[in-house]
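Please look at the sequence and the structure shown here. The text after them walks through one part of the model.

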Amino acid sequence: MANFKALPIAAAVVASLAAMSASAVEFHGYMRAGIGQNADGGGQVCYGNGGGAAHYVGRLGDECDMYAELTLGQEVYNRDGKTFGVVSTIAYGTWESLGSVQGDSRGNSWQADAGGAGPWNGGRLSVREMYATGKGLVGDSTLWMGKRFGQRKDIHIMDLFYLMNSGYGAGIDSLSAGPGKFSFQWVQTATEQDPALAGVDTSGAPYLRSNKLDARYSLPVFGDHNIEVVGIYGKPTLTDAQKATASDEFKDGGYLAMIEHTMPLLGGFNKVAFQYATNSLVDGLMTNFGGLNYAPWWVGANGSTGYRFLDHGVVKFGKSVELGYALTYSKSDIDDADAGDAWRDFERMNVVVRPMYKWNDVVSTALELGYVEQQGNDAGQEKTDLSKVTLAQQWSPLQNGGFWARPQFRLFVSQYGGDNAEDADTMFGAQVEAWW
Amino acid sequence: MRGLWFACVAVALAGCSSMLGLESPGVPDRDAALAMREQAVPCCTAPQQLKFTPIDPKFSALVAIDGSEQLVEFKSGRSFVEAWRLPANRAGYGIVIDSMIRGEEVFSPALLLLDSQFNAVQYISSEQFVYVPAKGMNGDRLNYTLNIPPELGATYLVVLTTDEALSGSTEYIHPARAYAEAQSLSDPNVPNPKAKHSPVGLLDVRVEGTFVTPVGEQKDVVDRWVGSLWGEGSAATATETATTAASAEQAARAVPDSSAAMVVAPAAVATATAVAPGSMLAETEALYNDMITKAVAARDIDKALKLVEEAERAGSASARPLFVEQVKTLK
């Protein structure tokens, strides 16, 4: 019997094609790399880094390193509304110093800075994240355990992570509770004992350890706006041997409280945040990585306090102009029991603006202006400042991303000024930054 | 000296703005495009009058709809169209159509497939396009994967948009949110923007040699669409079913785009004048019915369908019920 084929059955054909598998590997990442030169001769000099020094005059044309993060994640189970996934992130970077002036550690294909760690000198490799997630287990939240960057908050143009309670931990993200979402996590800090500290017995337990408990609540207000409150409480947890020999100030807990308001503005957004911290959590307000370290044996013991105000955003003007901007003010009051704390004991104000003009779908020009001034709290400290003007010609697929479009190829020239701009004041180079 | 040097480099950089840039399509913004749409003169009142550009089996290109295209006054609204003659392909193949979201605007496409006689064989309404978020270096877009089996007999593809689509918008993921997801940051708590649907836009079109797995969740295309977006005349309210004999009784699928039945283009002159059903001469009606019966018996369903459509255009009211009856009893 002949098969009866009436009309074209597109369905039969299409139905035989499975929809795209939900368990494809998700590949995300970030990279920056390039080359630079001091106009007066010598390698590029930068005044900020991707780490503790952030970029208080803005990061455009102020990056002397190569840095990359490669993140692989996969959903491994999906049934009955429950999904499980695994995420890992490896990071690699060339050497960066802790000081306020960075040398350029990039060179030929194998070599970086001679003094740095391997591989092949000057390269650093690290497992930054290794965690698993479970959704649909506790309400609509995501349960996670492992090593994770977590719910970081950043100001991109300054490479400043004003909240970064990252590390090994366990927690629950974005559980609907009332009109908003609640998140909670337990994370730890562990540091090797500072040899300069006298007296703490670390035999058998070379790490001094703190627990941090982090609770957040985010809720929409006034329609499109959003308010988020964050509280982090840090408390050392010492072994009996450590407790017996540590001074009392190393046993105190401290906290960081933060409130942030987000609002849509001019086709983009504006965020205003205020942070207040006590004891060792002051550390992250004065450098980079707010909420990361609770280590009163390093810095900020004895009732130290500090606060920071931030306002930042990305907005658009018409079809061709976008603007990223940031303003921060921080002040600490660190008990100077340890002279090594002095470099966190100061007051700082900085502002960065990065307008960009889009010529067409691919080409844009950006100008970044940055200014920072700070003054140490100790008597006799002078106010010092640093300024930067960077002009960059950029190529990136701007069709949709605009300010956020990557990869972005740049030719830049930077000029620094102010008290802290040593003799190295004009740099130029080429850089690419990408994230995906 | 330093300052002068700095200024020279700055000027040199700025001056290179367009020379070193890639040529990018100049697509007007939505307001300008709506004005162009009103002012443009419609080119055609029937599909036969469209100028179709042939595309080859390896076609892959960015196609800008910028207001210089042919304008057709469909029943669903005025639209600039892309009109392509599809590659002659014995095997089935797929066409992936991405409409890129740019500057908070996007062209919301609908697709019309025509056979060699310019009869509509398939219509994909704009609601069937799926929003696909930016991934890697590919931007946010509206996507549809059109898999064309050879039995469909599709020869021409017309890409258009409708008034109903133009009144809508597509919510897409804010680029700051995509950045946060990629970089393990907390959600930025900003509302997602909405891209307004525009009469112009940028398409990324790719023809593949075989069927293509859809990127997004697409509704399965089940039925052969019979209807018309052009003026009055051959608009059918009943459609054929694309099923085996066992389910030939299934109700026909309605005209999918409700707006297609709404507005009748005022200036359109129908090529086929509307003829009231039942007004056909008895002899010619019988003639058609006979030919339909013979075609079904010979299992030439394509021909039978064409006969039914012709007969209906001429005013037959019995051709279609007869065809359905014939198909039911076919073994």
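This is a predicted model: local features need pLDDT of at least 70, side-chain atom pairs count only at pLDDT 80 or more; totals for chains, interfaces and linings use all residues.

Start with helix H5 of chain B, residues 282–297, and helix H6 of chain B, residues 301–314. Their axes come within 8 Å and cross at roughly 165°. Angles over 145 degrees count as roughly antiparallel, and H5(B) and H6(B) are therefore roughly antiparallel to each other. The crossing in which H5(B) passes H6(B) is left-handed.

Which residues meet where H5(B) and H6(B) touch? From H5(B) come B:Tyr288, B:Met291, B:Ile292, B:Ala295 and B:Val296. H6(B) contributes B:Lys303, B:Ala304, B:Leu307, B:Val308, B:Glu310 and B:Ala311. Of the residues in this contact, nine are nonpolar, two are charged and none is polar.

Next, consider H6(B) by itself. Its 14 residues should span 20 Å at 1.5 Å a residue, and because its end C-alpha atoms are 20 Å apart, the two values agree. The buried residues of H6(B) are B:Ile301, B:Ala304, B:Leu305, B:Leu307, B:Val308, B:Glu309 and B:Ala311. An α-helix has 3.6 residues a turn, so residues three or four places apart point the same way. The buried residues of H6(B) pack against H5 and against helix H7 (319–329) of chain B. Just after H6(B), B:Gly315 has a positive phi of about 110°.

Helix H7 of chain B contains B:Gln326. Apart from its neighbours within four places in sequence, B:Gln326 is in contact with B:Thr293 and B:Val296. B:Gln128 lies 198 residues from B:Gln326 along the chain, and their C-alpha atoms are separated by 33 Å.

How values were computed. Residues are numbered from 1 along each chain as its sequence is written. Chains are lettered from A and ligands numbered from 1 in the order in which they are written. Side-chain values use heavy atoms; hydrogens and water are left out. Axes are lines fitted to C-alpha atoms, for helices over the stretch in contact, and angles run from 0 to 180 degrees between N-to-C directions. Helices (H or I, at least four residues) and strands (E, at least two) are DSSP runs, numbered from the N terminus. Angles under 35 degrees count as roughly parallel, over 145 as roughly antiparallel, 65 to 115 as roughly perpendicular and the rest as oblique. A crossing is left-handed if the near helix is turned anticlockwise from the far one by less than a right angle, and right-handed if clockwise. Contact means heavy atoms within 4.5 Å. Ala, Val, Leu, Ile, Met, Phe, Trp, Tyr, Cys and Pro count as nonpolar, Asp, Glu, Lys and Arg as charged, and the others, Gly among them, as polar. The expected span of a helix is 1.5 Å times one less than its number of residues. Buried means under 20% relative accessible area, exposed over 50%, partly exposed in between (1.4 Å probe, protein chains only).
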